[in-house]
Structures are given as C-alpha cells and as structure tokens.
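Start by looking over the sequence and the model.

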Amino acid sequence: MMVSAGDLLTLYVGLELQSLSAYVLASFMRRDARSAEAGLKYFVLGALASGILLYGISLLYGFTGTTLFAGISDALARGMTTGQLFGMVFVLAGLAFKISAVPFHMWTPDVYEGAPTPVTAFFASAPKVAGMALLMRVAVDAMGPGTDAWRQIVIFSALASTILGGVAAIGQSNFKRLLAYSSINNVGFALFGLAAGTAEGVAATMTYMAVYIAMTLGSFLCVLQMRGADGEPVESIASLSGLSRSRPGLAAALAIFMFSLAGIPPLFGFWPKFLVFDALVRAGFWPLAMIGIATSVIGAFYYLKIVKTMYFDDPAPAYAAGDSKIEGGLILVSALAVSPLGYLAIPLLDVSSMAAARSLF
C-alpha cells in the first residue's frame, strides 16, 4: 500500500498499518524491559511523526485542493506558494522518520538494540525499503515540479545522516546499536541518489536499497549466531574477539558484510555507492559527491574495527555452536550476493531500476 499509493490518504493508511504492526513487534518480548522500552519509544516518537505527516498532508490538501499525487503535481507546476512549501516540508519530515534519516533518527539505536534480533533485521530491511520507495514516489511523482525546493531538504538530510551515522557509531560497544547507526549512514548515501533529482539518481537509489538488503540481512543473521555457552544472545562487540579462530566461517562471512557495507571494492557494496556518486556528478553536484566520498571514509573506520577485533584481538569465550542450517544457508547466500559474484546481477538491476525510475518521470 505504501509503495503503490497514488493519493496522500492511501499513503497515510498504508504507512500507519505498517507502523502499528511495527510497534507491537518491537515490544514482542513483554517480560524483557529493553523490548518494552523499545516498543514504547517507537510508539511515542512514531505518533509524533504521524502527527507531523498528517499536518503536512492537510496543508497540501488545503493549498492544492486535492490529495492525489497527479493533482498536487499540477498545482505545484502552476507556481509554488508558501503554504504548499510548508506542507511539502512537513510531509517530507514525516517520511524521513520512517527511513530513520537525520534529524528524525533518534528512535533507531534504542529500538534496534531493544527489539528481538529477528525483528530488528526486519525493521532494517523491508519497512526501510518501503519507506524509501514511498519517499521517492512522493518527491518525484507528487512534488516533481518543486524539485529545487525539496532537493535542499534531501541534501541536508543525506549529509547529516552520513556524518552522524559514521561518527556516532565509532564509540558503540553493542553490535546492534552499531548496525543501527550503520543503517542511518546507508540511508544517507541512498538519499544522495534522490538528491540528484534525475532518473539515473532514482535508479541508483533503488539499486542501493536492493544491495543494502543483502548486506544488512547478512549482518543481522550473523548477530543471531552470537550466542553464549548457555544459549543466551550476546551482543557486545568485545565478544567477537578472536572469532576467526573459534568460528572461521562466521568470521569470514561477517568480514565480507563489513567490507561490503564500507563500500570497499571488489565487493558488491562498492557498486551502489559508485552509482549514487556518479548520478550526483552527472547532475552537476560534484562538490556534494566529494563530501559524500569523504564521509564514507568515516564509516569505513568502524567497519574495519569489527574485522580487526575478529582477526587480531585475543580470543573471547567461544560462542555456542550454530545448529540452524537455515541460518547458515541464508548467511552463505547473502555473502555470495555481496561478493564479487554479485556483479553478475548488474544487468538485471540496471534494467529493472531504470525502468522503475523512468516510470516516475
């Protein structure tokens, strides 16, 4: 419903159905204080974001006379008024919360840490991709004539997300919190493609989110394997020390995901970063591309720190042996998808993402 919405009211219904389900999932472990706290924080901040979004929708309806994307686009093409601009800002702010882009990211680390790990893996993938697709639909389809106005908002959010997502992750000791800031960081890079405001940029963002799913799901599947001798989940980064000696296969897979998230060639995570920066340069925003490349170095630091902990630190107590063949198989599939073998999927990704992007223009 979110992705296929062509009306602001349909958009809101789809978004709220997804959000209400997410609040329940976050607090699924009722006897766990962290899970209950995560659900409550997500609910309170989500309600605030919904109010902001609804206010923006009401402003757009009041100043354009319609809630249809096509009607809003026609109204903006005749000249943007101050009221329409305010409506646009509030709608984009409400949607930025759903993809946890700065400055509406504050719920992400606490919810990712407190929610059960399988739920966190879901939050980091499906709703985030749906939210990004929804943001692109609204920005390009409904607000296309106002590109110069919303581009400033997207550029600020992209830069802030990449910088904060990189810097704030450096001091984290909990692996799930680190992946939360990594998620914020990656959303920033995906927004660079949208900031270009071209079909190539939107296609690059779609490709980025497709590869991001494989990288982030693989990372969280590795977190599921982090269990102590008693079978209880372990989430500290320190517990990864010396993992290459006790679980070499798991360490190798996690290293692949970390290098890929950092965008280090020849792993497939490099390709979507290249695409979004290429789209920025083609659109004439080369200074923004240069800043984006510089901020990616910050993120590479903490990804490499994980690899250093696994391969060079003194061993910590070994994890319990992984007994789930399904988890092991999914980790292998994800690792192969983001390995250099992933480049074989480029023709399919390029054709499908470009066809989808051109349909918005």
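## Helix α13

Helix α13 has 13 residues, which at 1.5 Å a residue should span 18 Å; its end C-alpha atoms are 18 Å apart, so the two agree. The expected span is 1.5 Å times one less than the number of residues. Helices are DSSP runs (H or I, at least four residues), numbered from the N terminus.

This is a predicted model, where local features need pLDDT of at least 70, side-chain atom pairs count only at pLDDT 80 or more, and totals for chains, interfaces and linings use all residues. Residues are numbered from 1 along each chain as its sequence is written, and side-chain values use heavy atoms, without hydrogens and water.

## Buried residues

Several residues of α13 are buried, among them W271, F277 and L280. Buried means under 20% relative accessible area (1.4 Å probe, protein chains only). The buried residues of α13 pack against α9, α10, α12, α14 and α16. After α13 comes G284, with a positive phi near 95°.

## α13 against α14

Helix α13 (270-282) packs on helix α14 (286-312) at about 155°, with axes 7 Å apart. Axes are lines fitted to C-alpha atoms over the stretch in contact, and angles run from 0 to 180 degrees between N-to-C directions. α13 and α14 are therefore roughly antiparallel (over 145 degrees).

In the contact (heavy atoms within 4.5 Å), α13 supplies K273, F277, L280 and V281, while α14 supplies W286, L288, A289, G292, I293 and S296.

Notes: Helices (H or I, at least four residues) and strands (E, at least two) are DSSP runs, numbered from the N terminus. Angles under 35 degrees count as roughly parallel, over 145 as roughly antiparallel, 65 to 115 as roughly perpendicular and the rest as oblique. Buried means under 20% relative accessible area, exposed over 50%, partly exposed in between (1.4 Å probe, protein chains only).
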